[in-house]
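Biologist: Please take a close look at one part of this model for me, starting with the backbone and moving on to the rings. I'd enjoy having the cut-offs spelled out as you go.

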Amino acid sequence: QHASRRVLKAMRRGGDARTYRRLIARARDRVPGLAVRSTFIVGFPGEEEEDVDCLEAFLREAQFNHVGVFMYSWQEENPGAALGDPVPARVKERRRRRLMKVQERISRQLYRAWKGRVVTVLVTGAAAESALLLEGRLPQQAPEVDGRVVLVNGTARAGDLVRARITRTAAHDLIGEILGVVDSAPPRQPRLLPSLPVMAPGEAGTGG
């Protein structure tokens, strides 16, 4: 949610940037290729510019694979509800954009290392941009949360596992070409309607 100890304390949360960095480092050491994602809140009551500086430094050091930054929204059940919502919306949005720009640069840099790799992609269907393109995801890409792999050539069905070579990278997505199908999705079974008893003429509606 944050990296500044002062803000985390106001949120009634433990930890700080140093403890989180150590936790992430241990996780990456134990699981090679681990993808790490997190979400953060800006504009929590009492948050100052130095707290945002702390969070930005944490993003640069942690090198998250995927990040979401959200603006604080007052809710009665929130731990900080009694603090109100004193940070102006325009300040929250400026802080959010600032951190997302930092993360976009990090994501671009991390994705550049994927160019030229041959990977296994789960095909999820046609791309939103065009029915002529396919899209899918790597094991590191959570559905509807992270980026995707756009497949610009080759044929496959939704549910297929394919081998693909990454040819280009962007801030959030990878672009690749299909080399071959590794495992085909099972064919869809036709939907069967439930069988109904056949009644002889005159049987319907004879109840008295």
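Modeller: Happy to! Arg12 is exposed, with a relative accessible area of 69% (exposed means over 50%, buried under 20%, partly exposed in between, using a 1.4 Å probe and protein chains only). This is a predicted model, where local features need pLDDT of at least 70 and side-chain atom pairs count only at pLDDT 80 or more, while totals for chains, interfaces and linings use all residues. Residues are numbered from 1 along each chain as its sequence is written, and side-chain values use heavy atoms, leaving out hydrogens and water.

Arg12 sits in the loop between α1 (5-10) and α2 (17-30) (helices are DSSP runs of H or I with at least four residues, strands runs of E with at least two, numbered from the N terminus). Its phi is positive, about 65°, although Arg12 is not a glycine. Most residues other than glycine have a negative phi.

Now the rings: there are five aromatic pairs (ring centres of Phe, Tyr or the six-membered ring of Trp within 6.5 Å; planes under 30 degrees apart are stacked, over 60 edge-to-face, the rest tilted). Tyr20 and Phe58 make a tilted pair, 6.4 Å centre to centre with 55° between the planes. Tyr20 belongs to helix α2 and Phe58 to helix α3, so this pair ties together parts 38 residues apart in sequence. Tyr20 is partly exposed at 25% relative accessibility, whereas Phe58 is buried at 3%. Phe58 also pairs edge-to-face with Phe40, at 6.2 Å and 85°. Phe40 lies in strand β1 (residues 37-42), 18 residues from Phe58, and is buried too. Ring pairs link Tyr20, Phe40, Phe58 and Phe64 into a cluster.
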